[in-house]
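Trainee: Could we go through this model together, one feature after another?
Mentor: Gladly; please bring it up.

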Amino acid sequence: RHVLLQSCVQVSLSGTEAAEEAFHIAEEANQSKSRFLSNMSHDMRTPMNAIVGFTTLLDNESKNPKKVQEYTKKIAFSSQHLLGLINDVLDISKIESGKFVLTPTDISLPELVSGLLEIITPQARDKEQKFTYDVPEFACPQVSADAIRLNQIYINLLSNAVKYTP
């Protein structure tokens, strides 16, 4: 009888320990999701602010065809970036399982840099920061890369530089 009681207590303790461990794992996963959503919401605001800003500028410059074309390009660039971020959120199960699918395409580095500057320059201006840049001639202006991921990396770096620079 004593042996049987000991076995039951051990099983009970093992079950409790397993439940506590499962609870801690679930709690960590929940915190990771919260951090992910917090970061993603920040990442989404950046292109959305650019879209809103350029839409206002577009409205003000509606009679200037060159400005309309310029602002329309910038809105399209920011919209594509935002769409990529939204797709990431919708594909959260792929993100959680670590199954990112990179989609390399031929991209123009000068266009990439131009689009990044159009997003970051207004942010720096809003914080009354002086934002300077030097873009050298590209030895290879066309590269094969996942444009959305590359944009995410640069926008995160540059947005954080603006955000954390006094």
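Trainee: Is phenylalanine 131 buried or exposed, or does it count as partly exposed?

Mentor: Bear in mind that this is a predicted model, in which local features need pLDDT of at least 70, side-chain atom pairs count only at pLDDT 80 or more, and totals for chains, interfaces and linings use all residues. Residues are numbered from 1 along each chain as its sequence is written, and side-chain values use heavy atoms, with hydrogens and water left out. Buried means under 20% relative accessible area, exposed over 50%, and partly exposed in between (1.4 Å probe, protein chains only). Phenylalanine 131 has 25% relative accessibility, so this residue counts as partly exposed.

Trainee: How many aromatic pairs are found in the whole structure?

Mentor: A pair of aromatic rings is described by the distance of the centres and the angle of the planes. Rings of Phe, Tyr and Trp (its six-membered ring) pair if their centres lie within 6.5 Å, and planes under 30 degrees apart count as stacked, over 60 as edge-to-face and the rest as tilted. The search of the whole structure gives 2 aromatic pairs. In one of them, phenylalanine 131 and tyrosine 133 have ring centres 5.8 Å apart and planes at 45°, so this pair is tilted.

Trainee: Which elements each supply at least two residues of the lining of the largest pocket?

Mentor: A pocket is an open set of points on a 1 Å grid over the protein atoms alone, where a 1.4 Å probe fits, with protein on both sides within 12 Å along at least five of seven lines, and lining residues have an atom within 4 Å of a point. Helices (H or I, at least four residues) and strands (E, at least two) are DSSP runs, numbered from the N terminus. Those elements are helix H2 (65-90), strand S1 (105-108), helix H4 (109-126) and helix H5 (147-164), and H2 gives the most, with 9 residues.
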